[in-house]
Amino acid sequence: MKTIASCVEDVLITQPYLEEALSRGIINYSALAEELQQPISGILKKPVKSAAIMMALRRYNSPLVPGHSLKMKKIINNLGDITVRSNLTDFTVKNSHTLIQNHSKILEKVKGQSKLFYTFTRGIHESNIIISSSLKPFIMECFKGETFIAIQDGLSAISINLPEENSKIAGLYYHFFKRLAWEGIILYEVVSTTNEFTILVEDDFVDKAFSAVKRLKK
């Protein structure tokens, strides 16, 4: 049977920013209770007083696994180097039966250039290449028979080395996305490997994004 407390928990779990603000004590309980009065009354199918909702908010505890906060803090504190690469272009291409063959020309070009920034991701319907803008004419030539969905210049990549145990804890990426969202930073692209996480932003956001990620470690 649904209770006011369980309804409050359901609402907060689906709105992590709201839950975060509540846990930090930077939200007005009375105002939030008034805001939740109508949806919770709708869930319970009966009128609910805001005072009862406010009491449930004050008693709310985030349903995290015991020790989760300590593990997360350890992971965040052990983040590795943060690297910034600028002058990048993002190409999104429609998948085709010739794409892999044409892509092999790019691999041949970049294989000996260890300092060159390059990523390739293949999805179900489209593929994505992020590469140094100096190679844009070469990419356009290799893919001249392909269908471009989007091409974006003026991008920068911020790469973060993650501790090896990062895959064993839930919510790590959420902390990055939350921090960047609070700072009003728009992500153009996200690329991830097992122990490395890269965000792609427009050049106008790179300084702000780098500072936001760096402050996360603190």
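In which sense, right-handed or left-handed, does helix 1 pass helix 3? The notes below take up this point after a word on the model.

1. This is a predicted model, in which local features need pLDDT of at least 70 and side-chain atom pairs count only at pLDDT 80 or more, while totals for chains, interfaces and linings use all residues. Residues are numbered from 1 along each chain as its sequence is written, and side-chain values use heavy atoms, with hydrogens and water left out.

2. Helix 1 (residues 4–13) and helix 3 (residues 29–44) have axes that come within 10 Å and cross at roughly 120°, and the crossing is right-handed. Helices here are DSSP runs of H or I with at least four residues, and strands are runs of E with at least two, numbered from the N terminus; axes are lines fitted to C-alpha atoms, for helices over the stretch in contact, with angles from 0 to 180 degrees between N-to-C directions. A crossing counts as right-handed if the near helix is turned clockwise from the far one by less than a right angle, and left-handed if anticlockwise.

3. On the helix 1 side, I4, C7, V8 and V11 meet L36, I40, I43 and L44 of helix 3, where contact means heavy atoms within 4.5 Å. By class, this contact has eight nonpolar residues, no polar and no charged ones.

4. Six strands form an open sheet in the order 2-3-1-4-6-5, with antiparallel pairing, two strands being paired if DSSP finds at least two bridges between them. Strand 2 (118–122) and strand 5 are the edge strands, each pairing on one side only, and the twist averages 25° from one strand to the next.

5. Helix 6 (residues 99–110) lies across strand 1 (82–94), strand 2 and strand 3, running at about 165° to strand 2, whereas helix 8 lies across strand 4, strand 5 and strand 6, at about 20° to strand 6.

6. The largest nonpolar core has 20 residues, and among those with the most contacts inside it are I160, F176 and A209. Helix 9 supplies the largest share of this core, five residues. Leaving aside neighbours within four places in sequence, A209 is in contact with I158, L180, I185, I199 and V201.

Technical notes. Ala, Val, Leu, Ile, Met, Phe, Trp, Tyr, Cys and Pro count as nonpolar, Asp, Glu, Lys and Arg as charged, and the others, Gly among them, as polar. A nonpolar core is a set of buried Ala, Val, Leu, Ile, Met, Phe, Trp, Tyr and Cys residues joined through side-chain atoms within 4.5 Å. Buried means under 20% relative accessible area, exposed over 50%, partly exposed in between (1.4 Å probe, protein chains only).
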